[in-house]
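Trainee: I have a new model open on my screen and would like to learn how to read it. Could you walk me through it?

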Amino acid sequence: MRCWLGVWIMAMAATVASAAEPVGVIFDTDMGNDVDDALALGMLHSLHSRGQCKLLAVTLTKDHRLAGPFCDAVNAFYGRGDIPIGVVKNGKTPGDSKFLPLAEAKDDGQLRYPHKLLDGKDAPDATALLRKVLAAQPDGSVVIAQVGFSTNLARLLATPGDDI
């Protein structure tokens with residue numbers, strides 16, 4: 001695990017503990033490069049279940065067709081299969097992963113971990129999703145927790161104003 005994950009967990013816990021209302025969280029992750037991202041997503045679901053945050057979206061910087069479905073399976077496992085997922089287009093890390101294929105694992109012809117998103121190509125662009133989710137929230141009410149590459153955040157900052 002990256003040492004920054006521990007720092008992030010402590011900072012996130014301090015943020016949600018001090019908030020009167022659940023903190024809106026967008027989790028931007030390179031899910032698939034290391035397992036720490038899966039653990040962080042599980043932690044966010046735990047905080048969501050406790051009413052300490054509200055997981056608004058998951059965006060991915062891993063450019064692999066199973067990164068989105070894997071996150072969707074995790075979200076569905078926690079009973080939140082409706083959380084929107086955005087994927088990077090033309091990202092820097094398209095390589096295979098040891099655990100992303102679990103999103104396609106089947107037992108007796110049925111997905112072992114049920115979820116709706118079957119291929120990342122069917123998910124919206126991460127930058128567009130970030131803009132949409134942020135625009136729908138009150139100013140200053142959302143934390144973006146970023147683990148991995150900063151591709152989506154750099155692209156978000158580079159977007160011009162538009163109808164969103």
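Trainee: How much of the protein is buried?

Mentor: Buried means under 20% relative accessible area, exposed over 50%, and partly exposed in between, using a 1.4 Å probe and protein chains only. Here, 45% of the 164 residues are buried. This is a predicted model, where local features need pLDDT of at least 70 and side-chain atom pairs count only at pLDDT 80 or more, while totals for chains, interfaces and linings use all residues. Residues are numbered from 1 along each chain as its sequence is written, and side-chain values use heavy atoms, with hydrogens and water left out.

Trainee: Which order do the elements run in?

Mentor: Helices (H or I, at least four residues) and strands (E, at least two) are DSSP runs, numbered from the N terminus. The protein has five helices and six strands, in the order α-β-α-β-α-β-β-β-α-β-α from the N terminus on.

Trainee: How many residues are in the largest nonpolar core?

Mentor: Generally, nonpolar side chains tend to be buried together in soluble globular proteins. A nonpolar core is a set of buried Ala, Val, Leu, Ile, Met, Phe, Trp, Tyr and Cys residues joined through side-chain atoms within 4.5 Å. In this model the largest one has 29 residues, and Phe-27, Met-31, Leu-41, Leu-55, Val-58 and Phe-70 have the most contacts inside it. Helix H2 provides the largest share of this core, six residues. A second, separate core has seven residues, including Ala-57, Leu-129, Val-133 and Leu-156.

Trainee: Which residues of helix H5 are buried?

Mentor: In H5 (residues 151-158), they are Thr-151, Asn-152 and Leu-156. Down the helix axis they fall within an arc of 130° (taken from the directions from the axis to the C-beta atoms), so they line one face of H5. Leu-157 and Ala-158, on the other side, are exposed. With contact meaning heavy atoms within 4.5 Å, the cover over the buried residues of H5 includes strands S1 (23-29), S2 (53-60) and S6 (142-147), along with helix H4 (126-135).

Trainee: What classes of residue line the largest pocket?

Mentor: Ala, Val, Leu, Ile, Met, Phe, Trp, Tyr, Cys and Pro count as nonpolar, Asp, Glu, Lys and Arg as charged, and the others, Gly among them, as polar. On that scheme, the lining has ten nonpolar, one polar and no charged residues.
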